[in-house]
Amino acid sequence: TIPTPTNVPTPTPDYPDPVVVIGATANGKFGLKTTIGDPRRADDDNKQLTFSESGDTNNTRLWLDGATPIFGSGDGTIITPMQNDKRLATMEWEYNKIRVKQIVRVVIGTSTNRYDTIRIEYTLENRDTAAHLVGLRLMIDTLIGNNDGVPFVVATQPGITSRAIDLRGADIPDSIRALEKADLQNPGVIVNITLRGNEATPPDRVLLTAWSGSDMPYDFLQTAGGVGAPFLRGNVPDSALGLFYDPQSLAPGAQRRIVAYYGLGAISSTTSNNPNLSLSLSSNRVDQGTQFYISALISNPQVGQRIRLVLPPELALVKGALAQDVAPEASASFTQRSWLVQALAPSSGADIAVILDPDNLREQQRITILSQPTPIPTVTLTPTITPTPTVTASPTPGGITR
């Protein structure tokens, strides 16, 4: 049984059914594409959100005492074959007495209130009589429409991310977004990757790199060119996402659950039609006490511009200056500046605004803050993170090539 998150928003009345479909392979890989996407737009219909509709070029690797087999591979045994009705895909596989159950389900997106996101869940169960170190790495071959080298909006990184980065600890934001096109008024499809909140398991490490093959090893940073390498496969733009959940000791009979979300997102300018300025949040509904990032996207950044954040009383600034310079990156068509804030009090509609000076351009977005009945705990911004061990894995035969 999959637990239902509390305070689930009601789907928008314009389309209460799923607007994406799950593809899958017999050996446990999965992909995602839209059907109608946002019902109010035609430019996001029938678009792939992973390079392969069935996920052939993705891979998930288990970590077991230093071994890193691909989930679903012949290194282990398929216990329950893949079952997929395009809304729910499930499969069980076992390797050396560690059973892995994969559940991929279409759920409501946190920034759209439509069934346009997949909830990716892994349950790791130790069926042995001895404890083992068990972890997981999920790699998604990202693509939006025809753009195979999508850049990313990462709130903890300046500008737009189009070269390899290795994020750990406090550098990992609550979510990451990718825009199909560098156009705030017509950004095409927006992908939202939720890393924290709404039952998501915060990863210990996030890699954004080039894609180098469907058999990419557990730690694929160097095979993709290392930190700072462009998102290129040869001379072809090609990007990939890696989410790492470090090995932990799993006692006999114990289980570990890992959850991530991947699907459609939204930015404010698609509604306001503001071609110069947009707001981007991981969710339009947050719990009281939650810390989250607010990102301002600025088109054609110019020397001398400054972006100002205006917060309602229900929100407090945690990190980042309220006013920030917009120093343009070389030949960038747009850039971003971000702030970490905390929800202090419940609200049925708290308005967040950003103002771009000296032109006094304004963009605004409203969020709901849900009441938290328990006391708000003190959150440490820099948790202690155990580094992911470096492993050289043997390539899996039959990898997809392009």
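Visitor: In what order do the five strands of the open sheet stand?
Guide: Happy to walk you through this predicted model. Five strands make up an open sheet, with antiparallel pairing. From one strand to the next, the twist averages 15 degrees. The order is β3-β8-β16-β13-β10.

Visitor: Which strands stand at the edges of that sheet?
Guide: Look for strands with a single partner, because one side of such a strand is left without a neighbour in the sheet.

Visitor: What is the bridge partner of Leu 62 in β8?
Guide: Strand β8 covers residues 132–140 and runs antiparallel to β3. Six bridges join the two strands. For Leu 62, the partner in β8 is Leu 136.

Visitor: How are the rings of Phe 71 and Tyr 122 arranged, stacked or edge-to-face?
Guide: The ring centres of Phe 71 and Tyr 122 are 6.0 Å apart. Their planes stand at 80 degrees, and over 60 counts as edge-to-face. The pair is therefore edge-to-face.

Visitor: How many residues apart in sequence are the parts that Phe 71 and Tyr 122 tie together?
Guide: Phe 71 lies in the loop between β3 (59–64) and β4 (77–84), while Tyr 122 belongs to strand β7 (residues 115–126). Phe 71 is buried at 3% relative accessibility, and Tyr 122 is buried at 1%. The parts they tie together are 51 residues apart.

Visitor: Where does the partner of Phe 152 lie in the pair with Phe 231?
Guide: Phe 152 and Phe 231 form an edge-to-face pair, 5.8 Å centre to centre with 80 degrees between the planes. Both residues are buried. Phe 152 is in strand β9 (residues 152–154), so the pair ties together parts 79 residues apart in sequence. Phe 231 lies in the loop between β13 (205–210) and β14 (232–233).

Visitor: Which residue has its charged end over the ring of Tyr 218?
Guide: Tyr 218 is part of a cluster in which ring pairs link it with Trp 63, Phe 220 and Phe 244. Over the face of Phe 244 lies Arg 205, at 4.9 Å from the ring centre. Over Tyr 218, 6.0 Å from the ring centre, sits the charged end of Arg 137.

Visitor: Does Thr 117 count as buried or exposed?
Guide: Thr 117 lies in strand β7, and its side chain makes a polar contact of 3.0 Å with that of Asp 116. Its contacts beyond four places in sequence include Val 20, Arg 105 and Tyr 261. With 6% relative accessibility, under the 20% cut-off, Thr 117 counts as buried.

Definitions and conventions:
Residues numbered from 1 in each chain as written. Predicted model: local features only at pLDDT ≥ 70, side-chain atom pairs only at ≥ 80, totals over all residues. Heavy atoms only, no water. Phe/Tyr/Trp six-rings, centres within 6.5 Å; stacked < 30°, edge-to-face > 60°. Helix = DSSP H or I, 4+ residues; strand = E, 2+ residues; numbered from the N terminus. Buried < 20%, exposed > 50% of the residue type's maximum accessible area, 1.4 Å probe, protein only. Lys NZ or Arg CZ within 6 Å of the ring centre and 35° of its normal. Polar contact = N/O pair within 3.5 Å; in protein donor to acceptor, adjacent residues only side chain to side chain. Contact = heavy atoms within 4.5 Å. Pairing = 2+ DSSP bridges. Axes fitted to C-alpha atoms, helices over the stretch in contact; angles between N-to-C directions.
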